[in-house]
Amino acid sequence: MQERIRNFSIIAHVDHGKSTLADRILQKTRAVSERQMREQFLDSLDLERERGITIKAAAVRLGYQAKDGEEYILNLIDTPGHVDFHYEVSRALAAVEGVLLVVDATQGVEAQTVANFFLALEHDHVIIPVINKIDLPSARPEEVALEIEETFDIPAEECIFASGKTGEGVDEVLEAVVRRIPPPQGDPDAPLKALIFDSIFDAYQGVVPYVRVFEGTVKPGDVIRIWSTGKTFEVDRTGVFRPGALERTEKLGPGEVGWLTAGIREIGDAQVGDTVTLDANPTDAPYPGFKPAKPVVFAGLYPVDTQEYNKLRDALEKLKLNDAALDFEPETSEALGFGFRVGFLGLLHAEIVQERLEREFDLNLIATAPSVIYKVTLKSGEEIEVHNPSDLPDPTLIEEIREPYVRLSVYTPEDYVGPIMQLLQEKRGQMVTMNYLGKRVELVYEVPFGEILYDFHDRLKSLSRGYASMDYEQIGYKPGDLVKVNILVNGEPVDALAFIAHRDKAQTIGRAIVEKLKDVIPRQQFAVPIQAAIGGKIIARSTVRALRKDVLAKCYGGDITRKKKLLEKQKEGKRRMKAIGKVEVPQEAFLAVLSAG
Ligand code: GDP
Ligand code: MG
């Protein structure tokens, strides 16, 4: 049966049509899978329906009758589409033997096309280029095929022209999967070696690891061992993925892609990239490259209503069950009260988590500006990690501050190279290489991660009329001449507004922030000075002018409905206001640094 398994992923730059093509493939193959699904339907563990949780469409097993008359099992493994999830993409790719490299026929090759291509190449995968959206009038598939040949050294003839919209070419894609991608290898009697490429949390079954078996076999009753933690669990169920359902199987053998349950309660015991083996007969080496999920960006999350602190903690704990990369610890801010310092994989991850907290748990939150992790050597020789700018010790105690760097690839039509290089210089980037790939240029830079965290992507897009794209990965720490800038509101330093910046840029950023704060802090009945300071030295200042008395009078004199409306509006505003001393400060203020870099 191994002979007729094909494991593959679809990789693409965002919006090039990965999801649409996957839907088409599901549709085309459903005919076969439906019959099988009905046969085993009662056996299936339909977590989604029974337990009311959402199963990530991480993998799906499809039956496909190929033109050679044979029936094949196709396992399609989904990869997350954003740079925050670079590592998850690499683990998903580790689970397959080949990829469909989808390229938009109107856009051509872009940054994530290149980044994903190299990830697939590292795994020695068969790469099938699919030029998508050929139904569009502006499609130029032949040109893009040549671009692929030039960029990746894949013969243009190997490209398949397709449209996820009309379904054209999708049969050809499926045939190529069967004919070009090799069946998985592996000995069913060898010691078990299975890679966890994703996992979900179910309230009843606990953590459900999604695995790709490389060697050996696993079945209910087996005692498994998780490589990195050494913990053991008895397998309760094994199974495979059907569209919309988890279907039980007697076992999982080499080359198979499936799931297992084993009463695992902690997400840390089934982390993406870890290896599952048998306790009685362990493999001698894990699947290489395991990296425990580690947050790289931290932000403070505070309930607007201090009474909601416990609710926020419970909500974070719930989310963490399903998200090994989420990390949090209690934090107290003079300005914001009791809250949490929360760690994320990147800004997108932070946005997703905050949105889930507010929507699913009905919380009102104030978020502080995300910050990278700084490593500090003190004069005493002690090494500390700073997750919150306000925790940076007094400069007289500091020997050295180091900041995280990324290796950033920007991919752009050559017309925009000049302005982009200027932007990268402003962001303290150092060029590593510059490659011409046809009419496009790849710029590779080493840049402080903190410099590209906020507005970099937007500025890149606007400089290049939307044509440039980017990708990055963490490469470690380097020393920097960094200082903490305090922001004072009404003479009081506000810990939640402090930030760390390069000395040469501190004043510019400080100035931008005090200007922004002047605009977002509502006028009070007295003038409010706003200052930026390094130590005792004021580097920028502005003033929120006092409210004029007659404006107030007008508000309270009007008719009833107008008054009501005003009160409603005020209430709405209050939801995201925090009183700092006598001054009411809105949510936007805490994110002012995001647009000031
Ligand atoms: P993904 O980000 O790679 O998953 O891209 P999606 O599948 O979400 O597609 C992005 C956009 O392109 C959506 O608006 C799709 O409807 C559209 N799209 C995808 N494939 C095609 C295609 O073959 N032809 C046309 N005309 N539009 C397509
Ligand atoms: Mg998609």
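Ala, Val, Leu, Ile, Met, Phe, Trp, Tyr, Cys and Pro count here as nonpolar, Asp, Glu, Lys and Arg as charged, and the others, Gly among them, as polar. The model is predicted, so local features need pLDDT of at least 70 and side-chain atom pairs pLDDT 80 or more, while totals for chains, interfaces and linings use all residues. Residues are numbered from 1 along each chain as its sequence is written, chains are lettered from A and ligands numbered from 1 in the order in which they are written, and side-chain values use heavy atoms, without hydrogens and water.

Q: How do the residues of the shell around ligand 1 divide into nonpolar, polar and charged?
A: A residue is near the ligand if one of its heavy atoms lies within 4 Å of it. There are 15 residues around ligand 1, and Asp-15, Lys-18, Ser-19, Thr-20 and Asp-135 come nearest. The division of the shell is 2 nonpolar, 8 polar and 5 charged.

Q: Which helix gives the most to the shell around ligand 1?
A: Helices (H or I, at least four residues) and strands (E, at least two) are DSSP runs, numbered from the N terminus. The largest share, 3 residues, comes from residues 18-39, which form helix 1.

Q: Why does Asp-124 count as exposed?
A: Asp-124 is in the loop between helix 4 (111-122) and strand 5 (126-132), and its phi is positive, near 60 degrees, in a residue other than glycine. Buried means under 20% relative accessible area, exposed over 50%, partly exposed in between (1.4 Å probe, protein chains only). Asp-124 counts as exposed because its relative accessibility is 70%.

Q: What is the relative accessible area of Asp-362?
A: Asp-362 is not a glycine, but has a positive phi of about 55 degrees. Its place is the loop between helix 8 (347-360) and strand 18 (365-367). Asp-362 is exposed, and its relative accessible area is 57%.

Q: Which strands are at the edges of the open sheet of 6 strands?
A: Two strands pair if DSSP finds at least two bridges between them. The sheet has mixed pairing and the order 2-3-1-4-5-6. Strand 5 and strand 6 are parallel and share 2 bridges, with Val-130 opposite Ile-160. The edge strands, each pairing on one side only, are strand 2 (59-65) and strand 6 (160-161).

Q: Why is one side of strand 10 and of strand 12 left without a neighbour in the sheet?
A: The open sheet of 8 strands has antiparallel pairing and the order 10-9-14-7-8-13-11-12. Strand 10 (232-234) and strand 12 (245-249) stand at its edges, so each has a single partner strand.

Q: How many residues of strand 8 are buried?
A: Strand 8 (residues 206-215) is joined by 9 bridges to the antiparallel strand 7 (residues 193-202), and a hairpin of 3 residues links the two. On another pairing, strand 8 has 3 antiparallel bridges with strand 13 (residues 257-261), where Tyr-210 stands opposite Trp-259. Of the 10 residues of strand 8, the number buried is 9.

Q: Which residue of strand 18 is the bridge partner of Leu-301?
A: In strand 15 (residues 297-303), 7 of 7 residues are buried. Strand 15 pairs antiparallel with strand 17 (residues 337-344) over 5 bridges, and with strand 19 (residues 371-372) over 2. Strand 15 also has 3 antiparallel bridges with strand 18. There, the partner of Leu-301 is Ala-367.

Q: How far apart in space are Gln-425 and Tyr-445, C-alpha to C-alpha?
A: Gln-425 lies in helix 9 (residues 417-426) and is exposed, with a relative accessible area of 61%. Gln-425 and Tyr-445 are 20 residues apart in sequence, and their C-alpha to C-alpha distance is 9.6 Å.
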